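Subject: Structure handover: helix packing and a pocket

Hello,

Below is the structure for your set.

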Amino acid sequence: MPQGITEIGSELPGFESLVAKDARHILHPWADLTALGTSRSLIVCEAQGIEVSDSEGKKYLDAIGGMWCVTVGYGRQELIDAMRAQARKMPYFTPFGDVSSEPAAELAALLAELSPADLNRVHFATCGSTAVESAVRIAHYYFASRGRPEKYHVLSRVNAYHGSTYLAASLSGKVVDRTHFHYESAWVHHLESPAFDPDDSPVSAAERLGQLIEGMEAVIAGVGPENIACFIAEPVLASGGVLIPPPGYHEATLELCRRHDILYISDEVVTGFGRLGHFFASEARFGIVPDMVVTAKGLTSGYQPLGAVLISDRVANAMSEAADPAKPVFSNGFTYSGHPIACATAIANIEVMRREDICGHVRDVGPYFVERLRELRALPIVSAVRGDHLMACVECEIPGEVGPTAGNQALAHRVDAYCELSGLLVRPYENLCIMSPPLVITRGEIDRIVDIIADSLARAEHDLRAGKIR
Ligand SMILES: Cc1ncc(COP(=O)(O)O)c(C=O)c1O
């Protein structure tokens, strides 16, 4: 809950005690530790369609889709029925070794059908982080099992976000998230952020692409291609601030990887499952077929935790052919890998997405969303608006003050707080308001989002002029 404008205040004893229990006992992901024990969390109790309600019954339009993940909207009976039916029939059994479940087998076949080219082999995980981590371990295994154990270094990028397990956090490249944890640095290398904003770039897209590819070639040469197992990349960097690489970047980086026998892992945890108008964006939007694709979030529309690595037959078969009879085990996986209830939910989710042509709907309303948001660039405290279909962000700056300074962050947080007061949830990050609404959003609801943000920006600007923000 953004602080600083109004007390949440409620007479309801249940509400107070929930807030108090939360404050006393939960250490939230990305909690502000200076407010541990005193923060007043927004307790979200109910959700329907694209709206959530808090413990006071106040409704909010959810412009963050839960956390980039609620795609088909809340309260979808098909998904609820699938969860219930699977829980009744067989809630859980081990996925290890040669034991499987009906929903896992069915879902794996469906994912193979939806994914590009020969990405026909699925390794299930529990979420995005464990899927990312598994993908990198697969790259390690692929080379080591074929007699090249020294080829284990990983290329990632500044501003990337790949998750919060040890390796996934080490792959992530957001400066603000580098706090007092320990990160792997000996064999994880961060390339320059590939962000390119045509509205605000001193160089052309082609020049920027040239610089980025030259930079990547230099890092590959420095580390030595014989030491590098894989490159991991989000097609559009999501949590880093909806950063879009220049045209041609994906093909050029894939080409470099191919030239140096480096596996390409596309992290489609956010961009997959319809957010950019396709089940997977890598091939359909960016013309590349990676060696592995990581998916999670929208896979179950957020109704259940699930992640998966889609692996090309080339990689999976090579690991199998190289298998050492003395050590044949692929020793990676989790108790809840491909949990049957989660897989059943994902199948129902895919059925809904196909039946309602949700990807087609995103291709229809996505450009309108970005176009409408871009109107906000006319406002004096908006320095940039970026987006691709249903992922977008508005960047706020005090006139004359550039970047995520303390003042600009306070300004953006004020905008977020006004949005929340007006019944709209956007995601504050540095000086950005990030949005990734459920994919079923209509044009009318997009207009409502834009109206509330415009009003919140105007109110924050008024506060700024009145000297109330600093
Ligand atoms: C691109 C990307 N990869 C991986 C992850 C990690 O997923 P999870 O939080 O499910 O572990 C995220 C989460 O936001 C993400 O945005």
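Helix 12 (residues 358-374) and helix 14 (residues 443-465) have axes that come within 10 Å and cross at roughly 20 degrees. The two count as roughly parallel, because the angle falls under 35 degrees. The crossing of helix 12 over helix 14 is right-handed. On the helix 12 side the contact uses Asp 364, Val 365, Tyr 368, Phe 369, Arg 372 and Leu 373, and these meet Arg 443, Ile 446, Asp 447, Ile 449, Val 450, Asp 451 and Ile 453 of helix 14. Sorted by class, the residues of this contact are eight nonpolar, no polar and five charged. Please keep in mind that the model is a predicted one.

Helix 4 and helix 11 (residues 340-355) have axes that come within 8 Å, with a crossing angle of roughly 40 degrees. This pair is therefore oblique. Helix 4 passes helix 11 with left-handed geometry. From helix 4, the contact takes in Pro 103, Ala 104, Glu 106, Leu 107, Leu 110, Glu 113 and Leu 114; from helix 11, it takes in Pro 340, Cys 343, Ala 344, Ala 346, Ile 347, Ile 350 and Arg 354.

Helix 5 and helix 10 have axes 9 Å apart and pack at an angle of about 50 degrees. At that angle helix 5 is oblique to helix 10. The crossing of helix 5 with helix 10 is left-handed. Ile 138, Tyr 141, Tyr 142 and Ser 145 of helix 5 make the contact with Arg 314, Val 315, Ala 318 and Met 319 of helix 10. Six of these residues are nonpolar, one is polar and one is charged.

Which elements supply at least two residues each to the lining of the second largest pocket? They are helix 4 (102-114), strand 4 (121-125), helix 5 (128-145) and helix 10 (313-321). Strand 4 gives the most, with four residues.

The helix pairs and the pocket can be read together. Helix 4, which packs against helix 11, also supplies at least two residues of the pocket lining. Helix 5 and helix 10 pack against each other, and each of them likewise supplies at least two lining residues.

Regards

Note on methods: Residues are numbered from 1 along each chain as its sequence is written. This is a predicted model: local features need pLDDT of at least 70, side-chain atom pairs count only at pLDDT 80 or more; totals for chains, interfaces and linings use all residues. Side-chain values use heavy atoms; hydrogens and water are left out. Axes are lines fitted to C-alpha atoms, for helices over the stretch in contact, and angles run from 0 to 180 degrees between N-to-C directions. Angles under 35 degrees count as roughly parallel, over 145 as roughly antiparallel, 65 to 115 as roughly perpendicular and the rest as oblique. A crossing is left-handed if the near helix is turned anticlockwise from the far one by less than a right angle, and right-handed if clockwise. Contact means heavy atoms within 4.5 Å. Ala, Val, Leu, Ile, Met, Phe, Trp, Tyr, Cys and Pro count as nonpolar, Asp, Glu, Lys and Arg as charged, and the others, Gly among them, as polar.
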